[in-house]
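Student: I would like to learn how to read a model like this one. Can we take it feature by feature?

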Amino acid sequence: MTQAPSIDAVQQMLGEQGYVCGRALATVVFLSLRLGRPLFLEGEAGVGKTEIAKAIAAALGRRLIRLQCYEGLDAASAVYDWNFAAQMVAIRTAEAAGGADRGALQTELFSDEFLIERPLLQAMRPDPAGAPVLLIDELDRTDEPFEAFLLEALSDFQVTIPELGTVKAPEPPIVILTSNRTREVHDALKRRCLYHWVDYPDFDREIEILHARAPEAAETLSRQVVAFVQTLRTEDLFKKPGVAETIDWAKCLLALDVIDLSPEVIADTLGAILKYQDDIQKLQGSEAKRILDQAKASLEPA
Ligand SMILES: Nc1ncnc2c1ncn2[C@@H]1O[C@H](COP(=O)(O)OP(=O)(O)OP(=O)(O)O)[C@@H](O)[C@H]1O
Ligand SMILES: [Mg+2]
């Protein structure tokens, strides 16, 4: 991969896209590009798994093709389908024109004209800009039969359409798979990929992310926001806030012209960082103040 000659170069090119990437993540991205292996990213919600695929595509100037997984996803939605409505119209038109040649009609009905290309097939088509980035997002939401099917598609990057023949990618796409680990993905699929667990960033990295994503926020407020969120993540919560929440919250506080965090402001804006009523309730009363005091203390020089 000429565009990413080193791990440092990966870090830099993702940084230019506003994506703050630690050394470990940059290393697997580099290796995945260099070896042409799919990259499997697992982690909590809102830690930048989906975003990295977007950043890689933008940095390399490649097309991003996204396959959003969900329960019941099947080949017809993931690979290709036939445009039945258009086929019906073609049949009626041929009938109205009077006794079309059945064989010719059959061939015409199952030609490219009536083929609907879904993400996996799109990703195998040649692209003048280079192989696209294929993001298979939230794989844990699909079921096992689809995973087995995917395993096959990823091993040879080709798809067979019975009526048309086999489509093979001239250059394999750059594949990124993500999972929130609501269930374990099968070992066979994992074995094909390079794996990385995307964790919550530490304080310095989260500040860096905030600088990249909410540059308007003043330094004092940014540091307070990150310290508070970092402290909050050590609490026993049903759903801990991700980086996305940190950014959202900072933007909310900016919109309210807040320059210094107070328990009152936190109580009023908690909905930006916590999305479950049980968690919000835990921070009622003196709790928000206790966590804020702890966060502010962590900011003081030792
Ligand atoms: N390292 C990072 N650098 C820059 N921005 C980041 C980073 N990590 C997260 N973000 C920001 O957080 C937002 C959420 O990230 P993203 O959607 O990629 O999370 P996710 O891990 O895919 O979450 P989910 O599991 O909920 O889909 C992004 O829009 C991005 O702005
Ligand atoms: Mg995501």
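Tutor: Start with domains: their bounds come from an automatic or database domain assignment. Here the protein chain splits into domain 1 (7-72 + 120-198), domain 2 (80-113) and domain 3 (203-292). Between the centres of domain 2 and domain 3, taken over C-alpha atoms, lie 58 Å. This is a predicted model: local features need pLDDT of at least 70, side-chain atom pairs count only at pLDDT 80 or more, and totals for chains, interfaces and linings use all residues. Residues are numbered from 1 along each chain as its sequence is written, with chains lettered from A and ligands numbered from 1 in the order in which they are written.

Student: Which residues are closest to ligand 1?

Tutor: A residue is near if its C-beta atom, placed from the backbone, lies within 6 Å of the molecule. Ligand 1 has 19 such residues around it, the closest being Ala-45, Gly-48, Lys-49, Thr-50 and Glu-51. Domain 1 and domain 3 each give at least three residues to this shell.

Student: Which residues of helix 15 are buried?

Tutor: Buried means 20 or more other C-beta atoms within 10 Å of the residue's own, all placed from the backbone. In helix 15 these are Ala-288, Ile-291, Leu-292 and Ala-295. They line one face, because they fall within an arc of 100° seen down the axis of helix 15; the arc is that of the directions from the helix axis to the C-beta atoms.

Methods. A residue is buried if 20 or more other C-beta atoms lie within 10 Å of its own, exposed if 12 or fewer, and partly exposed in between; C-beta atoms are placed from the backbone. Helices (H or I, at least four residues) and strands (E, at least two) are DSSP runs, numbered from the N terminus.
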